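Thanks for coming. I will walk through one structure, starting with its aromatic rings and ending with a pocket.

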Amino acid sequence: MLTVRRFFATLGPGVLWLGVFLIVPALVMLGYSFLTRTDLAQVGAPWTLESWQRVFGYDALFQEWTGDNVRVLWRSVWVAALSTLLCALMGYPLAFYIARQDARRKNLLLLLLIIPFWTNFLIRVYAWILILRPFDLVPSLTATLLGMVYAFVPFFVLPVYASVEKIDWRLLEAAEDLGAPPVRAFLSAVFPQTLPGLVAGILLTFIPALGTFVVSDILGGAKTALVGNLIQNQFGQAGDWPYGSALSFLLMGAVLLGLWAYARVAGQKGLEELV
Amino acid sequence: MIRRTHPALSAWAWLVYAFLYLPIIVLVVFSFNDSRFGATWAGFTTKWYGVLFARADVREALAHTLEIALLSTLVSTVLGTLVGLGLWRYTLRFRTALTGLLVLPIVVPDVVMGVSLLMFYSFVRQGLERAGWTFDNGFWTVLLAHVTFQISYVALTVRSRLAGYGPELEEAARDLGASGWESFRRVVLPLAMPGVLAGALLAFTLSLDDFVVTYFTSGSGFSTLPVLIYTNVKRGVTPDINALSALLVLVTVVAIVAANALLRPRRGA
């Protein structure tokens with residue numbers, strides 16, 4: 001039984017730490033999103049909904065709905081979705097390839113997959129400048145997409161690989177014995193078995209792709225700004241903390257909503273296996 | 001059963017691996033390029049490594065990176081292990097909420113975590129100023145931030161390591177006369193140890209690698225290697241940063257291969 005004394009001897013310190021440095025900052029952020037920018041990076045009264053109106057596309061200066069920010073949000077979503085799709089096209093077959101090797105080769109191939117993944121994220125993104133500059137592709141949206149796929153493809157391969165490993169191949173044989181052509185046999189006997197890994201891979205790629213500002217900052221340039229860049233700018237040059245807070249809250253809300261939906265489908269165990 | 005792999009599948013796999021290694025190879029090659037501008041090859045040189053070692057800001061950032069990583073790993077490993085242990089040992093009424101709390105730092109985009117901590121520190125600073133105290137963002141704010149995102153990884157690694165064992169193990173130790181501390185030290189901790197070490201390693205790497213949270217919580221006078229690389233990249237590509245990157249890649253490869261070699265023989269035991 002968990003008594004107060006035992007709580008403080010085990011879970012307590014960690015839970016309190018997360019409460020102070022995770023939950024309280026989130027509440028401070030929520031509070032700031034309703035305040036007004038008084039000076040550069042200063043906030044104060046009056047309390048207002050202005051930042052939230054701006055998030056949804058209202059221009060306070062011209063007093064009209066312009067939708068500029070909505071366009072950035074929309075661009076962030078489809079860039080993240082497109083990178084996830086490209087990661088899937090690259091990573092899904094790769095997971096099968098690795099899973100089909102003998103144990104030694106399998107370990108080596110997994111190691112080779114993890115080495116770039118454990119190399120500093122910034123360096124990996126930066127290296128693409130060296131490659132793409134001669135082609136005059138930096139900054140561009142293509143470069144951003146390429147950088148994202150490059151940075152996130154291992155996130156996709158690993159969970160898919162985990163479910164390919166567990167595939168019951170006898171089902172494929174059965175389908176073939178029953179006369180299913182190869183594609184049909186794959187789609188009905190193999191593909192459904194990889195769904196848990198596929199969904200995990202999609203979440204693990206889409207979420208970081210939606211939240212990043214580093215890739216688009218280094219490879220994308222101002223015209224291809226994503227919501228992450230918009231947030232960073234509010235805490236840098238623009239110095240508008242209330243607006244930045246509202247944007248951050250929206251981003252966090254979108255991610256949590258997605259995870260909540262996933263947890264509803266996959267259950268708590270699925271959520272725990274995700275991380 | 002191992003089925004033959006289709007040649008097209010093999011070819012695709014090798015293309016993906018080529019894609020993953022191309023930037024790293026380019027980086028290493030260009031760190032030996034005798035030209036101020038990366039795009040053209042102007043002969044072999046090692047001078048950029050000399051330039052790099054002469055930079056005081058690089059040495060300072062390296063020291064900061066290691067200090068933060070070591071200290072934050074120490075704190076988060078202790079706190080995270082205790083959380084993992086509690087999750088394993090007790091039936092909790094708020095298990096779902098607690099799992100949610102632990103999953104939060106892993107799934108929330110790091111830019112959100114970074115800016116919320118930035119505002120939190122500013123908020124606390126304003127409060128303290130009224131009491132006549134003050135602090136600057138730097139070593140301590142970065143350290144606290146790193147521990148915050150590390151705790152979850154350690155806790156979840158420890159918990160999944162212990163998941164296979166029942167809490168009866170502890171009761172058995174108690175029945176054999178062990179005190180609470182003894183059963184923890186001689187039964188539970190040895191079982192959890194691989195998880196603790198794996199969690200600590202993960203926490204350490206995350207700290208070394210972190211740019212976004214550090215960037216927002218570090219203030220202007222304090223930087224770690226990733227922050228230094230970012231500011232240099234923003235100013236334009238410099239060859240000595242290629243050299244620094246190549247060295248970091250080398251260190252990573254050696255560390256992973258060594259960790260793999262160390263872990264492998266134990267797997268059979």
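**Aromatic rings, helices and a pocket**

F44(B) is exposed, with a relative accessible area of 60%. F32(B), at 23%, is partly exposed. Buried here means under 20% relative accessible area, exposed over 50%, and partly exposed in between, with a 1.4 Å probe and protein chains only.

Before going on: this is a predicted model, in which local features need pLDDT of at least 70 and side-chain atom pairs count only at pLDDT 80 or more, while totals for chains, interfaces and linings use all residues. Residues are numbered from 1 along each chain as its sequence is written, chains are lettered from A and ligands numbered from 1 in the order in which they are written, and side-chain values use heavy atoms, with hydrogens and water left out.

How many aromatic pairs does the structure hold over all chains? There are 30. Rings of Phe, Tyr and Trp (its six-membered ring) pair if their centres lie within 6.5 Å; planes under 30 degrees apart count as stacked, over 60 as edge-to-face and the rest as tilted. F32(B) and F44(B) are a stacked pair, because their ring centres are 5.1 Å apart and their planes are at 15 degrees. Both residues are in the loop between α1 (7-30) and α2 (47-53) of chain B, 12 residues apart. Helices (H or I, at least four residues) and strands (E, at least two) are DSSP runs, numbered from the N terminus.

One aromatic cluster takes in residues of both chains, including Y32(A), W241(A), F211(B) and Y230(B).

Next, charges over rings. R54(A) lies over the face of Y243(A), 3.8 Å from the ring centre. In chain B, the charged end of R125(B) is over the ring of F135(B), at 4.8 Å from its centre. The test is NZ of Lys or CZ of Arg within 6 Å of the ring centre and within 35 degrees of the ring normal.

In chain A, L256(A) belongs to helix α13 (residues 241-274). L256(A) is partly exposed, at 31% relative accessibility.

Last, the second largest pocket, which holds about 610 Å³ of space. Which residues are closest to its centre? They are R6(A), R89(B), Y90(B), E170(B) and R174(B), out of 19 lining residues. A pocket is, on a 1 Å grid over the protein atoms alone, an open set of points where a 1.4 Å probe fits, with protein on both sides within 12 Å along at least five of seven lines; lining residues have an atom within 4 Å of a point. The volume is the space filled by probe spheres set on the points, which are joined across faces, edges and corners.
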